[in-house]
Amino acid sequence: RLFYSSSLRKLLAGHNMLGRLPDRLERTQVEVLDVQHNQLLELPSNLLLKADSLRFLNASANKLEMLPPATLSEETHSILQELYLTNNNLTDKCVPLLTGHPHLKILHMAYNRLQSFPASKMAKLEELEEIDISGNKLKAIPTTIMNCRRMHTVIAHSNCIEVFPEVMQLSEIKCVDLSCNELSEITLPENLPPKLQELDLTGNPRLALDHKTLELLNNIRCFKIDQPSAGDASGAPAVWSHGYTEASGVKNKLCVAALSANNFCDNREALYGVFDGDRNVEVPYLLQCTMSDILAEELQKTKNEEEYMINTFIVMQRKLGTAGQKLGGSAVLCHIKHDPMDPGGCFTLTSANVGKCQTVLCRNGKPLPLSRCYVMSCEEELKRIKQHKAIITEDGKVNGVTDSTRILGYTFLHPSVVPRPHVQSITLTPQDEFFILGSKGLWDSLSMDEAVEAVRNVPDALAAAKKLCTLAQSYGCNDSISAVVVQLNVTEDSFCCCELNGVPPPSPGIFPQSVNVVIKDRPTDALGMPSSSSGMASEISSEISTSEMSSEVGSTASDEPPQVAMNENSPAYPGEQRCMLHPVCLSNSFQRQLSSATFSSAFSDNGLDSDDEEPIEGVFTNGSRVEVEVDIHCSRAKEKQLLQVPVEASDEGIVISANEDEPGLPRKAEYSATGTIGRRRGNGSVAPQERSHNLIEVATDAPLRKTGGYFAAPAQPDPDDQFIIPPELEEEVKEIMKQHQEQQQQQQQQRQYPMDHLADYYDTPL
């Protein structure tokens, strides 16, 4: 009866359970027909014959295998301009039927079963302006696309295209997306199209561009191509990988931004974010550029997830300045970290959001929301806003501006609108497959269940993000869209399931500083060279020998190579069960903890030459200072003591602080029970390489000369080296050295085993 009504102009019947439409239709005046997200197997056979006034048809997300004809002869009366058929089961047989719509301007046939698009059929769609044929199995785009003189957008990602299409010959072309294909080369005209704004060639592993082509393409406002991957220096498998995409909305304005940092804070952490400014560009850009730095600063102040996330959003609100007075934006941040205080040694995902940007985690194939939208329908928010006597308009907006009661910006609406985020933390498990961050436009078009189901079987994170964006646009989204998909690979190695009995595990994530050594700048006559016999066990990385470390940081593993043979069945840990993440750790096992040392480059005796042009791994230079990352370690695992050796001095003094096995402090890596240096796995655990009782002997097997142009110093201490100590510190230093000698004597008297052991700790002569 609805179709028979002569007054019907628009019928929106999407998101229902329609199995079929009326078989035979009489003449109808409907102009807009939306039947997406139903269970239609076919459309009425005479729908396009009888609906002469139909301009818009959206039948996406159904089970269509065929299209009805638009005409029974060569002459057609169709005025159809927009046709959306994404996410169906359409095959190549449907393509010839498209020629019955000569006035077609927008065609979306993504994620169907197309294997070819005949050139003769494309040539007849001369008025076509936008085409999306992503997610099919096309090997080429027909050259007759040049007949579509008005074409401005070609989206054909996630296909099998091997030949670059002739789209660069189109004078009106603005956006070309050929990502996730099999392109090996591209051919370009001498002059690029004047209106070309975006070209996406990411996800084409075989593509190689010469220097001249790159120079030409770099003139495009938004040119995307894969960066050469340096790979993981440790050879570790990636625990997470991501892909993201952005698409502009109304008036071709990109009002969203995405943030992605696979290696956040130089550790095994990650940070991802999505920002949505609704109709403004300024706020998302400011959030993208600033928020990661703010979070890094807040992480130095507190390790509590809720605290540092809330503080990050509040500080960001202040930094928006004048831009945040009358403008605002939604934001969602996801931070992955390894909690050093958690004896389980697992990864934690913390999500914080304001506005309508949200995150969903896929666990065992089911969506697990990690975000919350605070709008007027929330009783507590409505009550709070009424207390501040704000005006709530009929469309549910605060003072007619925004329907989100928690959002960044809009400071003129404070205290009704606040930037306090919803924060939720969750421990990642091997059952967690991926999580999605999306802007308002994405979640307005797709439910979380549908989004998870759509990309669960997509192996590539970039292709998954592209699919979400394409689906949202085909389902009617006209806003800017941003989607980030982060795929997880949390294995049993990085998820502890053993009984730890209070022993801190090796941490594959963040590593707090356990020892800080800072030698401040001073005149040349006031400080000697750093001693190479300081007695500190130092490492740059597990791949550099001890002798090389000595040359870089001026220290050796110990004054005397320890001769120790440890038994795995030692009574220190009787009958303990350990997972792969936590090997058995005996009382004198060799521990590593991250440290940092800063030496004045004018006095360093570490073998660095100012003429070396190649940077050295672990050594960072900045002007007149050289910063060296080192590890200072060797401590008991069971004894949780805190050793602090403060040496207060003036600007010319030396400041040393050391923590020995503080409870809860993580290990960067643990070594095997035999005391050998192990090979670090990707999750931070250590696999023993060989059984040896001599650390120095193992380390000296490495080559003595490195490619950086510097040489390794002798592993044994040089008696000529010495520290020149300021006169005002002599008495204090003597007292500390005296205490150090007394402690060593006590340790020799209190040996529990007949064999020699490693010392409890190694201190500096200071």
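Strands here are DSSP runs of E with at least two residues, helices are runs of H or I with at least four, and both are numbered from the N terminus. Two strands count as paired if DSSP finds at least two bridges between them.

A word on the source: this is a predicted model, where local features need pLDDT of at least 70 and side-chain atom pairs count only at pLDDT 80 or more, while totals for chains, interfaces and linings use all residues. Residues are numbered from 1 along each chain as its sequence is written, and side-chain values use heavy atoms, with hydrogens and water left out.

Now, the parallel sheet. It is open, with 10 strands in the order S1-S2-S3-S4-S5-S6-S7-S8-S9-S10. At its edges are strand S1 (10-12) and strand S10 (222-224), each pairing on one side only. From one strand to the next, the twist averages 5°. Angles run from 0 to 180 degrees between N-to-C directions, and axes are lines fitted to C-alpha atoms, for helices over the stretch in contact.

Helix H10 (residues 461-474) packs on this sheet, and S8 and S9 are among the strands it touches. Its direction makes about 130° with that of strand S4 (82-84). Contact, by the way, means heavy atoms within 4.5 Å.

Let's stay with S9 for a moment, where we find Asp200. Is Asp200 buried or exposed? Its relative accessibility is 2%, so Asp200 counts as buried; the cut-offs are under 20% relative accessible area for buried, over 50% for exposed and partly exposed in between, with a 1.4 Å probe and protein chains only. Leaving out residues up to four places away in sequence, Asp200 touches Val176, Asp177, Leu178, Ser179, Lys224 and Lys466. Its C-alpha is 8.0 Å from that of Cys222, 22 residues away along the chain.

The largest one has 63 residues, and Leu128, Met151, Leu178 and Leu201 have the most contacts inside it. A second, separate core has 31 residues, including Ala247, Met448, Ala451 and Cys477.

On to the other sheet. This one is open too, with 5 strands in antiparallel pairing, ordered S11-S21-S20-S16-S17. Strand S11 (240-247) and strand S17 (366-369) each have a single partner strand, so one side of each is left without a neighbour in the sheet. Direction ignored, neighbouring strands are turned by 20° against each other on average. Strand S20 (residues 432-438) and strand S21 (residues 481-488) pair over 5 bridges, with Gly438 opposite Ala483 in S21. And here is H10 again, lying across S11, S20 and S21 at about 30° to S11.

Last stop: helix H5 (residues 305-319). Its 15 residues reach 21 Å from first C-alpha to last, close to the 21 Å expected (1.5 Å times one less than the number of residues). Among its buried residues are Tyr308, Phe313 and Met316, and their cover includes helix H4 (282-301) and strand S14 (328-338). Just after H5, Gly321 takes a positive phi of about 60°. Thanks, everyone!

Notes:
A nonpolar core is a set of buried Ala, Val, Leu, Ile, Met, Phe, Trp, Tyr and Cys residues joined through side-chain atoms within 4.5 Å.
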